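Good morning, everyone. Please have a look at the sequence and the structure while I talk you through them.

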Amino acid sequence: MEHNPPTTRRAAVLDTPGIETFEFRSAARRFASGVGVVAARWENRTLAKTVSSFTSVSLNPPLISVCIGSASPLVSAIHRSGCFAVSILQANQHHVSAALSAAGSGQAGTESLGIATTPSRTGAAVIDGYLSYFDCSIENSFQGGDHTIVIGRVIGADSTDGQPLLYFDGGYRSLRSLP
Ligand SMILES: Cc1cc2nc3c(=O)[nH]c(=O)nc-3n(C[C@H](O)[C@H](O)[C@H](O)COP(=O)(O)O)c2cc1C
């Protein structure tokens, strides 16, 4: 039994000007997530960006994905170097997230922003004080609209005890247990 809406109806909805972006953003803001930093090294600089699009994709082989705005120089740094790392941030690292999501921060290296990193096995950079990290070589990448979906094969990972930084409805949050 097919449940897909007719193509013409779907096209009409997506073509409605102004509505789609607003509704899309409002709905997406209701998705609570952890906060990660994707980083890659190229030409002696560490380019990094705050992301919430991290997903664990596959266990065997171990794969993860992130979606990065295709115009970002980080995307070409990942493609050229062939590797990248995703650091999952702790609750007390909201300043790192803010610095690496500020407009134009995608052009700057972490060094110039004063953010301490340590080289991972692949040569990508891990944010000091991480909650966990995934060190990856590129498995694949695809265009997804204006973003690039990067699939990474995890060749190194580590985790520590701590509290995650959370992001919901445009603001940072921390975890609270339910009774
Ligand atoms: C919590 C949070 C999550 C974000 N997630 C993503 C993401 O998954 N992919 C992405 O491309 N940008 C994401 N952004 C936006 C980028 O971090 C930000 O636009 C970019 O680093 C700004 O640099 P630029 O102006 O050089 O592009 C996120 C921002 C925040 C605050």
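Let me start with a definition: two strands pair if DSSP finds at least two bridges between them. Helices (H or I, at least four residues) and strands (E, at least two) are DSSP runs, numbered from the N terminus. With that, here is a bridge: Ala39 has Ala48 in β3 as its bridge partner.

A word on the source. This is a predicted model, where local features need pLDDT of at least 70, side-chain atom pairs count only at pLDDT 80 or more, and totals for chains, interfaces and linings use all residues. Residues are numbered from 1 along each chain as its sequence is written, and side-chain values use heavy atoms, with hydrogens and water left out.

Now the overview. The chain has four helices and twelve strands. It counts 179 residues, and 34% of them are buried. Buried means under 20% relative accessible area, exposed over 50%, partly exposed in between (1.4 Å probe, protein chains only). Next, contacts, meaning heavy atoms within 4.5 Å. Take those with a separation of 6 or more: 64% come from residues 24 or more positions apart.

Back to the strands. β2 and β3 run antiparallel, joined by seven bridges. They form a hairpin, with two residues between them. In the turn, Glu43 has a positive phi of about 50°. β3 is mostly covered, with five of its seven residues buried.

On to the core. A nonpolar core is a set of buried Ala, Val, Leu, Ile, Met, Phe, Trp, Tyr and Cys residues joined through side-chain atoms within 4.5 Å. The largest one has 18 residues. Val38, Val66, Ile68, Leu74, Ile78, Phe84 and Val86 have the most contacts inside it. Which elements supply at least two residues each? They are β2 (36-42), β3 (45-51), β5 (63-69), α3 (73-81), β6 (83-88) and β10 (147-159). α3 gives the most, with four residues. Look at Val38: leaving aside neighbours within four places in sequence, its contacts include Leu47, Val66, Leu74 and Phe84. There is also a second, separate core of eleven residues, with Leu100, Ile115, Ile127 and Leu165 among them. In soluble globular proteins, nonpolar side chains tend to be buried together.

Now the ligand. Next come polar contacts, pairs of N or O atoms within 3.5 Å. Ser53 has a polar side-chain atom 2.7 Å from a ligand oxygen. For Gly69, a polar backbone atom is 2.9 Å from an oxygen of the ligand. For Lys49, an N or O atom in the side chain is 3.1 Å from a ligand oxygen. Taken alone, the ligand exposes 640 Å², and the protein buries 76% of that. Areas come from the Shrake-Rupley method with a 1.4 Å probe; for residues, only the protein chains shown count as cover.

Last, an open sheet. It has three strands in the order β1-β11-β12, with antiparallel pairing. β1 and β12 (171-173) are the edge strands, each pairing on one side only. β11 (residues 166-168) and β12 pair over three bridges. There, Phe168 stands opposite Gly171 in β12. Ser33 sits in strand β1 (residues 33-34). Is Ser33 buried or exposed? Ser33 counts as buried, because its relative accessibility is 10%. Not counting residues up to four places away in sequence, Ser33 touches Ser52, Leu165, Leu166 and Tyr167.

Technical notes
A polar contact is a pair of N or O atoms within 3.5 Å; within protein, one must be able to donate a hydrogen and the other to accept it, and residues adjacent in sequence count only if both atoms are side-chain atoms.
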